[in-house]
Amino acid sequence: ESESGTEECQQEETSNEEGKLDGLLGRPVVASTAALFAQRQQKLVERRDVIAECASLLVENPEENIALLKKLRVLCSEKDGDVAITVRKLAMVSLTAVFKDIAPSYRIRELSEAEMKLKVSKDVRKLRDFEQTLLSNYQKFLKLLDETTEVGLKSESVCPPAKKKQKRTKRSPLQVLDGNQELSASSLEGLSVVALQCLCELAVALSHFNYRSNILAVLVPQMDSSALKGEASQMCCGAVIKVFQNDLVGEVSLEAVQLITRMVKAKSYRTKPAVLRTFLHLRLHNIEEPVGVAGRGGAKAVKKEAATRSHGQHGRMSRRQRKRMKVEAKLDKELKETEAVESREKKSKLQTEILKVIFNTYFRVIKLSRDSPLLQPVLEGLAKFAHLINVDFFSDLMSSLHSLAETGRLSNTECMQCVLTAFEILSGQGSALTIDPRQFYTQLYGAILQLDACSSNEDVLLTVKCLDGMMRKRRQVSLQRVFAFVKRLCTVSLQLFPGACLAVMATIKQFLVAYSQCEQLLDTEGTGEGVYCPSVADPELCHASSSVLWELTLHRYHFNPTVREYATHLLAGAPSQGKNTLPSDLSRRTQGEFLEWCCVEGGLSGAVDGIAPPPPHPALKMAQKKRGARNYYYTDIGLQCEEVIAAEQHAMEKTTSLFKNS
């Protein structure tokens with residue numbers, strides 16, 4: 001051990017002597033990896049302490065330490081190549097949190113030169129200096145975040161524009177480090193992600209503050225970005241959704257909606273569906289008089305009505321009373337301004353403008369760009385805001401939806417969304433119109449048959465919503481149509497997974513409860529008019545009253561016990577008490593809860609592996625007794641697949657041998 005220790009000491013002495021010799025001769029001294037790592041860690045700890053100290057002082061007393069904002073902002077452009085990336089990220093995140101804490105709850109007005117020269121008190125001067133310093137640093141910080149995002153993220157539209165001649169781009173100052181070094185593309189990409197996250201947080205938290213339009217101008221183009229495998233688009237869309245949800249008045253929402261619609265129009269309505277799906281989160285349901293806002297002039301009508309009412313009151317007042325009323329109105333206006341209480345007229349006016357912009361985009365997509373990927377979110381938006389559409393446009397809109405569904409180029413989901421939109425329009429103000437929705441019933445009847453095991457839960461829920469919309473108009477729905485839809489739902493339930501099957505059965509139960517005449521479909525000895533023809537497209541002419549719901553009998557032998565129990569309940573006529581009633585936990589579940597419950601508790605695999613086999617069918621027992629057949633029920637699907645593959649291989653070998661012998 002002593003010999004090995006002496007050897008290590010000699011090696012260290014020789015290395016130190018070589019390092020001194022290299023320094024004397026002017027050669028560069030090469031440090032070890034451990035020394036470089038320790039040096040970097042020391043720099044990083046120093047920068048972290050500076051960032052933490054500045055941030056804590058700013059939050060503790062922002063008016064006294066407002067000058068520290070510049071120090072933090074300088075650290076966002078760190079030039080030391082050893083710690084540049086980490087320090088920049090820490091500084092940007094810390095500065096974002098500081099601005100969210102110290103920014104006032106009002107917009108700061110920029111002072112003119114004449115106002116700056118006026119003599120004011122010491123307290124006013126101090127407040128002005130604080131506000132102007134805060135506003136200046138906030139503006140520069142937003143510019144830095146914008147530049148970092150542009151340098152790191154290369155936005156690619158869904159339909160990129162025509163290729164142009166590539167020009168040599170100049171390097172940004174953010175890319176250059178000390179020693180003429182340059183940040184790599186991956187490092188710039190990581191910085192741009194952090195910068196975009198900071199912009200999203202500022203847009204949500206400081207939507208009332210200055211430069212919100214600048215932030216939205218950066219985020220809106222990134223909503224259709226394909227950078228970072230769509231992560232940038234998700235962040236920006238999520239931020240815009242939160243802005244819509246938190247906006248109580250409508251000013252910020254109007255700015256964002258106008259920017260989004262301009263971008264969508266500039267790209268010829270070829271953007272991601274998530275861009276227009278953000279409109280579904282707008283707070284437009286707070287309108288107290290939707291018909292007046294959407295169809296009778298909105299804020300102008302309310303203002304005119306108030307003026308007429310006040311004019312009638314003034315006619316019965318004396319001159320002194322009118323003068324006193326004017327003074328009170330002026331005082332009320334000043335009080336509202338000081339309390340920041342937004343008037344009903346202002347909200348109504350802003351929401352009316354938002355509706356105009358949204359519906360303008362929706363109608364353009366339906367009439368001019370029917371092959372646009374935005375068709376489905378447009379139909380969803382029309383279905384949600386149908387109660388705010390002017391009644392004069394209903395007939396034109398219904399004819400456009402009908403022609404759109406008849407094109408045959410829509411997917412099954414888009415077709416059902418089109419039907420749901422029509423039902424929503426006719427269920428509100430459109431109920432007073434004489435519009436025959438028979439063609440939409442026919443389209444829904446055909447679209448239901450497209451549901452299968454590959455259909456998503458959203459498609460099943462969309463079908464359920466369409467049927468709920470149909471049931472709202474019981475007087476306009478004939479029994480033949482009801483029989484046809486109940487029979488079609490039973491047919492489709494055979495090709496669905498347990499969750500979707502239970503959702504469909506819950507809808508069938510609603511029909512059985514709402515229409516007592518549907519019990520004749522459970523009677524095997526009943527007779528109807530004509531012969532049931534499931535291939536007929538019109539539900540009125542398929543003679544579904546002559547059919548029987550034999551599919552429910554098959555569900556009694558389903559591998560899922562809940563499906564078996566629900567099928568037995570339906571075969572008994574969906575009784576509310578007595579024998580064959582459902583447990584309370586099942587009877588209270590909605591269609592959406594059935595889908596979520598099945599997905600959470602295992603889906604197909606959990607249903608097969610964790611459930612005992614159902615009782616064998618009586619006919620299967622008789623067949624097994626006669627020919628000694630094997631049981632065809634498998635609890636292990638993998639074993640069944642292996643046996644099928646082995647049987648196919650055996651058949652192929654037998655065929656090959658016969659071919660060789662011949």
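I started with two tyrosines: Tyr138 is buried, and Tyr211 is buried too (buried means under 20% relative accessible area, exposed over 50%, partly exposed in between, with a 1.4 Å probe and protein chains only). I have to remember that this is a predicted model, where local features need pLDDT of at least 70, side-chain atom pairs count only at pLDDT 80 or more, and totals for chains, interfaces and linings use all residues. Residues are numbered from 1 along each chain as its sequence is written, and side-chain values use heavy atoms, with hydrogens and water left out.

**Rings.** I found ten aromatic pairs in the structure. For a pair, ring centres of Phe, Tyr or Trp (its six-membered ring) lie within 6.5 Å; planes under 30 degrees apart are stacked, over 60 edge-to-face, and the rest tilted. Tyr138 and Tyr211 make a tilted pair, at 6.3 Å centre to centre and 40 degrees between the planes. Next I checked Phe511 and Tyr515: their planes are at 20 degrees and their centres 6.3 Å apart, so I call this pair stacked. Phe511 and Tyr515 are both buried. I also noted one aromatic cluster, formed by Phe99, Tyr138, Phe141, Phe209 and Tyr211.

**Cysteines.** How many disulfides are there? I got zero, taking a disulfide as a pair of cysteine sulfur atoms within 2.5 Å. Cys501 is in none, and its nearest cysteine sulfur, that of Cys490, is 9.2 Å away. Why does Cys501 count as buried? Because its relative accessibility is 0%. Cys542 is in no disulfide either, with the sulfur of Cys533 the nearest at 8.0 Å.
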